[in-house]
Each structure stands twice: as C-alpha cells, then as structure tokens.
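Here are my notes on the model you asked me to look over. Have the coordinates open while you read.

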Amino acid sequence: MAVARLPLSIDHIPEEKRSIYDAEPVLSGRGMRIQWGHVVGLDGVDIDLYKGEVLAVIGDNGAGKSTLIKCLTGAYEPTGGTVYLDGQEVHFKRPQDAREAGIETVYQQLAVIPALDIASNLYLAREERRAGPLGSVFRMLDKRGMARRAGESVQNLGIQTIQNMGQAVENLSGGQRQAVAVARAAAFGSKVVVLDEPTAALGVKESGMVLDMIKQLRESGLGIILISHNMPHVWEAADRIHIQRLGGCAGVITPQSHDMGEGVAIMTGAKKLVQDQLDGAA
Ligand SMILES: Nc1ncnc2c1ncn2[C@@H]1O[C@H](COP(=O)(O)OP(=O)(O)OP(=O)(O)O)[C@@H](O)[C@H]1O
Ligand SMILES: [Mg+2]
C-alpha cells in the first residue's frame with residue numbers, strides 16, 4: 001500500500017476541500033526513477049493524486065514533467081519506483097494497460113492519427129460494434145453510433161469550430177487536434193485524466209473551455225494531473241501544485257500558500273521551499 005503523504009499542511013487547503021485528502025490517493029508514485037545511460041530523467045520522485053482534485057505539475061523545460069507522467073501511465077518503464085492505483089501496486093507495460101485501468105492520458109506529442117477522421121480518432125482502440133449478430137458475428141463497426149457520440153463529446157467540450165466528425169484529423173488546425181485529444185480523454189477517463197500541456201496550441205476561448213472541462217471532471221470525482229507552463233491557468237484550476245525541478249520534486253504548494261511569482265522562483269531555483277515554513281513552524 002502507498003502511504004498517503006501530504007507534503008503540505010492541511011491549513012493551506014481550503015476547508016471545503018479538505019475531506020478529499022482523508023481518502024487514499026487514487027494514483028501514487030513512490031521513488032520514481034528513470035535513467036538512460038548517464039542521463040537521469042527522474043531521481044526518485046514521489047507524487048500523489050487524490051480523487052476530486054486537480055494536481056498541476058509545473059517546471060522548466062527538461063525538468064522531467066512529461067517523463068514523470070510517462071512513467072506513471074505505462075509509456076516509459078521506470079528504472080525504479082512503484083506506482084499505485086487505488087492503493088494497489090500496478091505495473092503498466094504500455095499506455096493501453098493504464099487506459100484499461102481507467103487512466104486516460106493526453107501526451108504532449110499528440111497521439112492522434114492524422115489520416116483518420118475525428119470519430120475514428122476518438123474511438124481509437126476501443127471501436128464499438130453494431131448491436132446483434134452484425135456486430136458479434138460479422139464484427140461490423142457501429143460507425144454511425146460512434147460518429148454521433150463523437151459529435152456529442154466534442155459538443156460537450158464546446159468546440160464549435162469542428163463541423164464534421166467525418167473530417168480527417170490532418171485537415172484540422174493544431175488547436176482543433178489538441179481539442180480532439182482532450183475530448184477523448186474526458187470521454188473515457190474513469191478514474192484519472194492526465195493532460196500534458198492541453199492548452200499549449202489553443203486560443204483563448206478554447207483554453208477557457210478546456211479549463212471548464214477540467215473543473216467538470218474534478219466535480220465528477222476524477223483525479224486530474226495538469227501539466228502546464230501557463231501559470232494563470234495553473235493558479236486558476238489547480239488544488240495543489242507539484243513543482244518539478246532538475247528531475248526531482250522541489251516541493252508541493254497550493255495557489256493559496258504561494259503566489260505565481262513564488263511558484264516560479266521555486267521552479268527556477270531562485271527560492272527554496274522550506275517545508276517547515278509551510279507547516280507554520282517558521
Ligand atoms: N527517451 C528518452 N531518452 C533520453 N532522454 C530522455 C528521454 N525522454 C526524456 N529524456 C530527457 O529527460 C529530461 C526530461 O524531459 P521531459 O520531456 O520530461 O521534460 P519536460 O519537463 O516535460 O519539459 P518540457 O516543458 O519542455 O515539456 C530531458 O533532459 C530529456 O532530454
Ligand atoms: Mg514535457
């Protein structure tokens with residue numbers, strides 16, 4: 001079992017949200033380590049994500065943010081460390097294993113297949129068959145149903161600029177592609193949704209919609225990991241903020257305990273996070 005560890009005094013969590021942290025984390029990593037030859041990507045990182053919270057992960061380029069979530073979701077096999085889902089040790093060998101366990105991830109390098117249409121991309125690796133013998137015997141795909149439900153997912157996300165679900169993804173703009181990937185994660189994540197820079201290619205309106213969707217997912221009790229370089233987005237949406245620096249965790253703060261300037265100072269090493277200060281001892 002992962003030992004629930006809150007690297008932050010409960011005083012810094014708003015009162016109405018504290019009960020979230022009484023439960024055990026939905027997803028945890030302990031001592032996550034990965035190296036390639038002499039290059040150390042992660043040097044033993046701990047991370048906890050609770051149900052009903054948005055945990056932001058911030059850090060400079062190359063700090064190990066993407067590597068950390070890849071090690072948690074089966075895209076990389078870590079050199080060391082243990083991953084727990086609902087307190088049970090798990091060993092994801094590939095992203096599909098994590099998806100089947102209820103963890104949907106939108107990786108930074110987008111996992112859409114340009115030549116396929118939007119509906120097919122949304123249902124990639126989880127195609128639905130037609131009802132009755134047409135589906136069970138002849139393995140016919142329920143294309144019309146998938147297109148309709150894909151349309152609903154995209155509509156729910158409020159991406160009005162996508163007109164036709166039969167359109168190939170290669171003809172979409174970068175932002176629209178990103179929106180399709182986020183819609184897919186939101187539609188299928190049952191426990192955890194991990195978003196690596198989900199608003200990087202999005203305009204102001206679409207970014208706002210993705211943030212709203214993240215908040216809706218949180219309301220429905222999912223745990224969300226949000227990696228972002230956009231500090232206003234992080235301070236708006238996050239419950240807690242994991243600061244990744246040089247392959248390690250430099251600390252976990254909240255938007256209430258630290259302002260953006262302080263967060264960035266810890267991220268760049270200009271300021272050190274002293275845990276005693278957080279706990280009110282100094
Ligand atoms: N497959 C790999 N082989 C070798 N080195 C790698 C590999 N994947 C990541 N790294 C290295 O690990 C370090 C962390 O990379 P990572 O992609 O996690 O950074 P990041 O924090 O996500 O940065 P960014 O903000 O630019 O996305 C980098 O130095 C990177 O070169
Ligand atoms: Mg990255």
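**Notes on the model**

1. Let's start with the ligand. Around ligand 1 sit Trp 36, Val 39, Gly 41, Gly 59, Asn 61, Gly 62, Ala 63, Gly 64, Lys 65, Ser 66, Thr 67 and Gln 108; a residue counts as near a molecule or strand if its C-beta atom, placed from the backbone, lies within 6 Å of it. Keep in mind that this is a predicted model: local features need pLDDT of at least 70, side-chain atom pairs count only at pLDDT 80 or more, and totals for chains, interfaces and linings use all residues. Residues are numbered from 1 along each chain as its sequence is written, while chains are lettered from A and ligands numbered from 1 in the order in which they are written.

2. Who supplies that shell? Both β2 (39-49) and α1 (65-72) put in at least two residues each, and α1 gives the most, with three residues. Helices (H or I, at least four residues) and strands (E, at least two) are DSSP runs numbered from the N terminus. Sorted by class, the shell has three nonpolar, eight polar and one charged residues. Here Ala, Val, Leu, Ile, Met, Phe, Trp, Tyr, Cys and Pro count as nonpolar, Asp, Glu, Lys and Arg as charged, and the others, Gly among them, as polar.

3. On the overall numbers, the protein has 10 helices and 10 strands.

4. Now the six-stranded sheet. It is open, with mixed pairing and the order β6-β7-β8-β3-β9-β10; two strands pair if DSSP finds at least two bridges between them. β6 (103-106) and β10 (248-253) are at the edges with a single partner strand each, so one side of each has no neighbour in the sheet. From one strand to the next, the twist averages 15°.

5. Within that sheet, β7 (residues 192-196) and β8 (residues 223-227) pair in the parallel sense over five bridges. Val 194 has Ile 225 in β8 as its bridge partner. Helix α6 (residues 174-188) lies across β6 and β7 and runs at about 175° to β6. Axes are lines fitted to C-alpha atoms, for helices over the stretch in contact, and angles run from 0 to 180 degrees between N-to-C directions.

6. How do α6 and α7 (residues 204-219) cross? Their axes come within 11 Å and cross at roughly 5°, so the two helices are roughly parallel (under 35 degrees; over 145 is roughly antiparallel, 65 to 115 roughly perpendicular, the rest oblique). Gly 175, Ala 179, Val 182 and Ala 186 in α6 meet Glu 206, Val 210, Met 213 and Leu 217 in α7, where contact means C-beta atoms, placed from the backbone, within 7 Å. By class, that contact has six nonpolar, one polar and one charged residues.

7. Last, look at Met 213 in helix α7. Met 213 is buried, with 23 other C-beta atoms within 10 Å. C-alpha to C-alpha, Met 213 and Val 182 are 9.2 Å apart in space, and 31 residues apart in sequence.

How values were computed. Two residues are in contact if their C-beta atoms, placed from the backbone, lie within 7 Å. A residue is buried if 20 or more other C-beta atoms lie within 10 Å of its own, exposed if 12 or fewer, and partly exposed in between; C-beta atoms are placed from the backbone.
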